[in-house]
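Please read this short report alongside the sequence and the model. The structure is shown first.

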Amino acid sequence: MFARLSTYQGSPVPAEGDLGAHSEEIVRQVKDAPGFLGVYYLVDRDTGEAKSLTLWEDEQSMRDSEELAHRIREETARREGQQVVGVEHFEVGFSHLGP
């Protein structure tokens, strides 16, 4: 499994701000990409820093999705008043969800 970690910087997010307002639209755009396994969107409300983590079946699937990912990142950042400040790629050493 491979992961793409994108970092965004924007203004602090109010406690009542809806972090998932556009989540369905974002997932709809990426869910049918070959090899897509999942996505997380992480936000530090105090600093305005956010990260998106997408998970991919293999490195080739992740690399093949670069153009789509770039477009989604830029659209999301513009809509949310953020800037994309970094994109990193990793091989997942292990994962665990649940108890």
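The sections below cover the basis of the model, a hairpin, a serine and a pair of helices.

## Basis

This is a predicted model, in which local features need pLDDT of at least 70, side-chain atom pairs count only at pLDDT 80 or more, and totals for chains, interfaces and linings use all residues. Residues are numbered from 1 along each chain as its sequence is written, and side-chain values use heavy atoms, with hydrogens and water left out.

## Hairpin

Strand 2 (residues 36-44) and strand 3 (residues 49-56) run antiparallel and are joined by eight bridges. Strands are DSSP runs of E of at least two residues, helices are runs of H or I of at least four, and both are numbered from the N terminus. Two strands pair if DSSP finds at least two bridges between them.

Four residues separate strand 2 from strand 3 in this hairpin, and Gly-48 in the turn has a positive phi of about 85°. Tyr-41 stands opposite Ser-52 of strand 3.

## Ser-6

Ser-6 belongs to strand 1 (residues 2-9). With a relative accessible area of 3%, Ser-6 is buried (under 20%; exposed is over 50%, partly exposed in between; 1.4 Å probe, protein chains only). Leaving aside neighbours within four places in sequence, Ser-6 is in contact (heavy atoms within 4.5 Å) with Ala-50, Lys-51, Ser-52, Arg-73, Gly-86 and Val-87.

## Helix pair

Helix 1 (residues 23-30) packs against helix 3 (residues 66-80) at an angle of about 165°, and their axes are 11 Å apart. Axes are lines fitted to C-alpha atoms over the stretch in contact, with angles from 0 to 180 degrees between N-to-C directions.

The contact involves Glu-25, Ile-26, Gln-29 and Val-30 of helix 1, and Leu-68, Arg-71, Ile-72, Glu-75, Thr-76 and Arg-79 of helix 3.
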